[in-house]
Structures are given as structure tokens and as C-alpha cells.
Amino acid sequence: MNASSKPVRQLALGILLTGAVASAIALEPTATIGVEGRANSYASLAASGRFAALVWGARTSNDVTDIFVATSSDGGRAFTAPARVNAVAGDASLAGEQPPRIVLIPREKGSPSIVVVWTSRTPTGTRLLSARSDNAGQSFGPAAPLPGSEASGNRGWESVTTTRDGAVVALWLDHRDSSSSRSKSGARNHEEHQHLHSATPTDGVARAQLSRLFFATLGKADSPRSITGGVCYCCKTAIATDASGGVYAAWRHVYPGNVRDIAFTKSVDGGRNFTPPVRISNDNWVLDGCPENGPAMAVDRNQRIHVVWPTLVPGASPSREPTLALFYATSQDGRSFTARQQIPTEGVPRHPQIALGDKGELIVAWDEQARGTRRVALARGSRDARGLARFVRQPIGNSLRAEYPVIATVDDATIVAWTSGSSGQTTLRTQRL
């Protein structure tokens, strides 16, 4: 956790596994990563071959947040010392469902290029910035705005990925339609501000129409487009691509009655046009507010779509309060999804992630509240001939508080990282599976 050039050494021992679960998931020792003297949290992870890159936010005691990257060339066994990404100190605006995002772009020689996208503060709200490294994360070039993200108002909860030709595409939630009154000078536009404020809808569904889902391609000024309105504003989005030029998007939508369920759309032309949104599952989670629990999605080599998400379910008995549960569904064409399947969890699950193993197995990670603390858990799933998935659950990490996991697959393992420790003193921990 220092600024030297030595790799970060692996530290605490992982949990030993026994029985059937041990045959499904084997753990290696954990490693600790972070910037000394800061609270380290809000991570994202990307991997290609044996190269992996971890990005996160590091906050000082006086609330200055910067973005750092550490990389590994040995499949996640050791990471380099952190390197800062953002040139303007303290410009990052991050949260658990709004971490900086990272993607890798293959090159003919050497390590992949690294692109980081994050939400940055502006005088009138927030915008999305990106920066690139071509030297394995040792340094980053100047930041550039993501096309379409410099409108007034707030935006974020972005997700990013790469296309078959190496372009970086992004999905985000955008509040420009509800920002006109807030973005103007109060002295000069007081009368207009009062009018707009008094006309603000009070119904949750009507308010949600002012929140939009946007898509853009990095470096293409004509690429930004609004896909839909009516999105749940502070739940993370999910984006994926395939080898034929398809772009897939998932998010939490606001349906009539303040129902907040997961929606999906697809583009077959690289993001120029998207299909009408499809409701993945009729969960009917009624909430006049944001769950701060978005979906995670992966698309396999056969273009099958895999989505995981949390939603509210009744208690185990009439006397028990409703609670969150974690579900999985899949689709071959994006027009309809299988009935949801519950993933085995303990406690209250949140913040799921999903990755695909090299043999097509499903790897899902999440955090869960149980016995007075949060911990990270993981499940490996396989699908049978009928398309049904069977998941085997295993807690990972150690006894410290753990939350907001992220996962990525390297050649011979899956890497999982999470935020660990008490408030104001958090670090990141990584583990190979």
C-alpha cells in the first residue's frame, strides 16, 4: 500500500474449503491493495489473458477523491503500486453503484491499453470523463469528456465495454431533462425557476420520465443517443457486446405503480438503433425511491444473454418481513427471458456481478448482510440441457466487513475484488479462484 514500484504482496490466508463446495471453487491467498492514508473503495476490474487491471476511488480525510489503477501481469497474484488516473485532483464523484469503470483494448504487442471512465463534478452537475494508458497503467493521458455527457444536470451509474473492433461503448443514466431549473442562475432566472419547480411531477413514475438512459461510443461525436426514459435513477446499468456487432443493455426501469423491475434492450448495428425495452421478469417491486441495486449481465460466445439482479420477495413466513433475494434469467434472442431462478444466498444480498468462465460456466458474486456485518459471497453455476442453472454458493474473504465485489476471468482463474474494513479506513482485497 505504498507508492513504490514493487508489486503489492499477498497477505491474509483465504478460507479452506471442504466437501462438495471445495470441488467447485478453490481459493488462493488474498492480497490487499490501496493508497496509504486514504479510504479505498468503489472498485471495477477487467482482465485479458494473464493481464488484469483494477480501478477504484481513494478518498482523503478532507473528502478529496481521486482515481487509481493497479495492474497485474501474472493473472492477479500480485499487483503493481497504485497510479493516479485523474489529472485534476479531487474531481471524481463516486458511489457504490457508481464506481469508475475500466476496459482493456488488445494491442498487437505488449499489454492491453487501459481506458477508465468516471463521473466528474462540474459547476452545473456532473459529466463523464475518460483517460487512457498505453503503458500498462503506469501513467494516463489527459482526460476527455465522453460524447454526449456534457449537458447540464447530473449523470452517471455508467457501464462500459469494448466492441469487436476495439471501440469503447458506454451506457449511463442522465438527468438533463430535470436539470433546467437547477442549472440556471437563481438571480437571473428566479421567475423561471419558480415556474419549473412548481410544475415538477410528484408521482414517482412521472418523475422517472425525466431520467433517461443514454448510449455513446468513445471518440464519436455523433454516437450519443437516448434509448429510453423512465429509468430508476441511482441503480447501476449493465452493457455487453458480441462478436457480430451486437450491443446489449440492462437497467432498472420504473413501471406504472412505482414498480422497479429490470429491463433489457439490444442493438444489432453497433448502437445506432435499439429494440423496444423488454421486461426481464415481472417482480413487481413497488418502491417510491431508488433501490440502489442494479443488474449485472454477460453475453457468451453463442450470444446467449445472462442477467442477475436483486429484488424484493415475501418473508419466509407470514410473520417475517419482506427481504431481498438474488435471481438469474437467460435469453437466446433478447425478446423474452426464462423464468427467474433464485441463487442461494444467506442474509440480504446486494450488488451482484457476473462473469463467464472459459468453459462457459457462470460466476456470480455479491455482498450480503448477515449476523450484523456485510460479507462477500460467490456462486459458480452450470446450465443443463433444459437451460436451467444450478449454482453452488461459497463465502470468500475473511472476517472483516466486505462489500461491493467485482469479478473478472483470466486464463487460469477468476479474480474477485471487494472493499473491506471499517468506514474511513477501507482497503481493497483481491483473491484468485
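Let's start with strand β2, residues 39–48: it is mostly covered, with seven of its ten residues buried. Keep in mind that this is a predicted model.

- Strand β2 runs antiparallel to strand β3 (residues 51–59), and eight bridges join the two.

- Asp 66 and Arg 38 form a salt bridge, with their closest N and O atoms 3.0 Å apart.
- Asp 66 belongs to strand β4 (residues 65–72) and Arg 38 to the loop between β1 (30–33) and β2, so the pair ties together parts that are 28 residues apart in sequence.
- Asp 66 counts as buried, at 1% relative accessibility, and Arg 38 also counts as buried, at 19%, because the cut-off is under 20%.

**Other salt bridges**
- The count of salt bridges comes to 23.
- Arg 335 pairs with Asp 333, the closest N and O atoms being 3.4 Å apart; Arg 335 is exposed at 64% relative accessibility, while Asp 333 is partly exposed at 31%.
- Glu 403 and Arg 401 meet through their side chains at 3.3 Å, N to O. Here Glu 403 is buried, with a relative accessible area of 17%, and Arg 401 is partly exposed at 34% relative accessibility.
- There's also a network of salt bridges, which links Glu 28, Arg 50, Arg 77, Asp 412 and Arg 432.

Key. Residues are numbered from 1 along each chain as its sequence is written. This is a predicted model: local features need pLDDT of at least 70, side-chain atom pairs count only at pLDDT 80 or more; totals for chains, interfaces and linings use all residues. Side-chain values use heavy atoms; hydrogens and water are left out. Buried means under 20% relative accessible area, exposed over 50%, partly exposed in between (1.4 Å probe, protein chains only). Helices (H or I, at least four residues) and strands (E, at least two) are DSSP runs, numbered from the N terminus. Two strands pair if DSSP finds at least two bridges between them. A salt bridge is a side-chain nitrogen of Lys or Arg within 4 Å of a carboxyl oxygen of Asp or Glu.
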